Amino acid sequence: MEQGQQFHPRNFAPAQRDFQAALAADPSGPTATQALDALVDLAIAAHQLGEAASFLARRAQLESDARLASRHLFRAAQLCVGNDEARALQLTQSSAQRDPSFAPARAELGRRRASAKEFHAAWIEAEAALEPSATDPDALSAEAQSTLLREATGWAEQATDLNAAVRLAGRFLASRPEDLEIRRRLVVTLRTLTDLPALADALEQLEGRLQGAEATEVARERARLLEASLNRPEASAKAWQ
């Protein structure tokens with residue numbers, strides 16, 4: 001294959017043969033990487049997404065930089081979605097393994113674990129996806145982080161990993177304090193854990209965002225808790241008011 005050669009969909013089969021020859025002649029050098037990059041574009045243009053995924057996976061093998069390799073593998077996985085889910089999962093796993101700090105792959109793995117009802121593994125993957133700093137070019141956006149945190153809270157609840165559920169809910173509510181459903185679920189989780197000081201705080205936060213009968217009921221629960229269990233009569237009296 002000559003450097004700079006242009007590929008078109010009608011030339012897909014000949015280009016494949018050229019690629020194999022170029023790779024055999026220079027299996028790990030610049031000719032091979034250039035050929036693979038061009039063949040990825042060609043295969044996508046020809047709607048040969050499985051072929052494109054294979055080229056990307058091979059491209060990742062030639063990449064010494066772990067993050068770049070993870071990007072190639074994740075892109076390959078995305079090309080398989082809807083056509084070959086088993087391969088999409090395998091490539092996503094490979095992406096996460098090549099660079100465990102690559103957030104998009106960890107987030108996708110979390111959702112795939114949840115779909116398989118592997119809820120413990122799901123929230124662990126999600127939490128890993130939330131670790132990269134804002135300076136990481138592949139870090140999730142603030143909106144994507146918030147969405148993932150909400151999902152992960154539910155996965156931890158379903159796994160009955162309640163301490164994790166509390167931690168994830170707290171992180172989510174720090175950016176989305178208006179979400180009443182998560183606040184109500186946090187109260188339920190804290191009741192189950194019998195973490196009474198944290199429950200009193202969560203009830204207070206919930207009460208301040210409610211109106212009418214529900215707000216009154218939450219205030220009563222908090223007042224009883226403060227008086228009977230936490231020995232805070234002054235706080236209880238204020239709550240009753």
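The crossing of helix 6 and helix 7 is left-handed, a term used where the near helix is turned anticlockwise from the far one by less than a right angle, with right-handed used for clockwise. Helices here are DSSP runs (H or I, at least four residues), as are strands (E, at least two), and both are numbered from the N terminus. The model is predicted: local features need pLDDT of at least 70, side-chain atom pairs count only at pLDDT 80 or more, and totals for chains, interfaces and linings use all residues. Residues are numbered from 1 along each chain as its sequence is written, and side-chain values use heavy atoms, with hydrogens and water left out.

Two packed helices are described by the angle between their axes and the distance between the axes. For helix 6 and helix 7, the axes come within 7 Å and cross at roughly 165 degrees. Helix 6 is therefore roughly antiparallel to helix 7. Axes are lines fitted to C-alpha atoms, for helices over the stretch in contact, and angles run from 0 to 180 degrees between N-to-C directions. Angles under 35 degrees count as roughly parallel, over 145 as roughly antiparallel, 65 to 115 as roughly perpendicular and the rest as oblique.

On the helix 6 side, Ala103, Arg106, Ala107, Leu109, Gly110, Arg113 and Ala114 meet Phe119, Ala121, Ala122, Glu125, Ala126, Ala128 and Ala129 of helix 7, contact meaning heavy atoms within 4.5 Å. The residues of this contact divide into ten nonpolar, one polar and three charged. In this division Ala, Val, Leu, Ile, Met, Phe, Trp, Tyr, Cys and Pro are nonpolar, Asp, Glu, Lys and Arg are charged, and the others, Gly among them, are polar.

Helix 10 (residues 180-193) and helix 11 (residues 196-207) have axes that come within 9 Å and cross at roughly 160 degrees. These two helices are therefore roughly antiparallel to each other, and helix 10 passes helix 11 in a left-handed crossing. Leu180, Arg183, Arg184, Leu186, Val187, Leu190 and Arg191 in helix 10 meet Ala198, Leu199, Ala202, Leu203, Gln205 and Leu206 in helix 11. Nine nonpolar residues, one polar and three charged make up the contact of helix 10 with helix 11.

Lys117 lies in the loop between helix 6 (103-115) and helix 7 (119-129), and His47 lies in the loop between helix 2 (30-45) and helix 3 (49-61). Most residues other than glycine have a negative phi. Phi is positive, however, in Lys117, near 65 degrees, and in His47, near 60 degrees. Lys117 is exposed, with a relative accessible area of 63%, and His47 counts as exposed at 68%. Buried means under 20% relative accessible area, exposed over 50% and partly exposed in between (1.4 Å probe, protein chains only).

Asp138 is placed in the loop between helix 7 and helix 8 (142-158) and is buried, with a relative accessible area of 15%. Its side chain makes polar contacts with the side chains of Arg67 (2.8 Å) and Arg71 (2.9 Å). A polar contact is a pair of N or O atoms within 3.5 Å; within protein, one must be able to donate a hydrogen and the other to accept it, and residues adjacent in sequence count only if both atoms are side-chain atoms. Not counting residues up to four places away in sequence, Asp138 touches Arg67, Arg71, Phe102, Ala103 and Pro104.

The protein chain as a whole has 13 helices and zero strands. Of its 241 residues, 43% count as buried. Among contacts between residues at least 6 apart in sequence, 48% join residues at least 24 apart.
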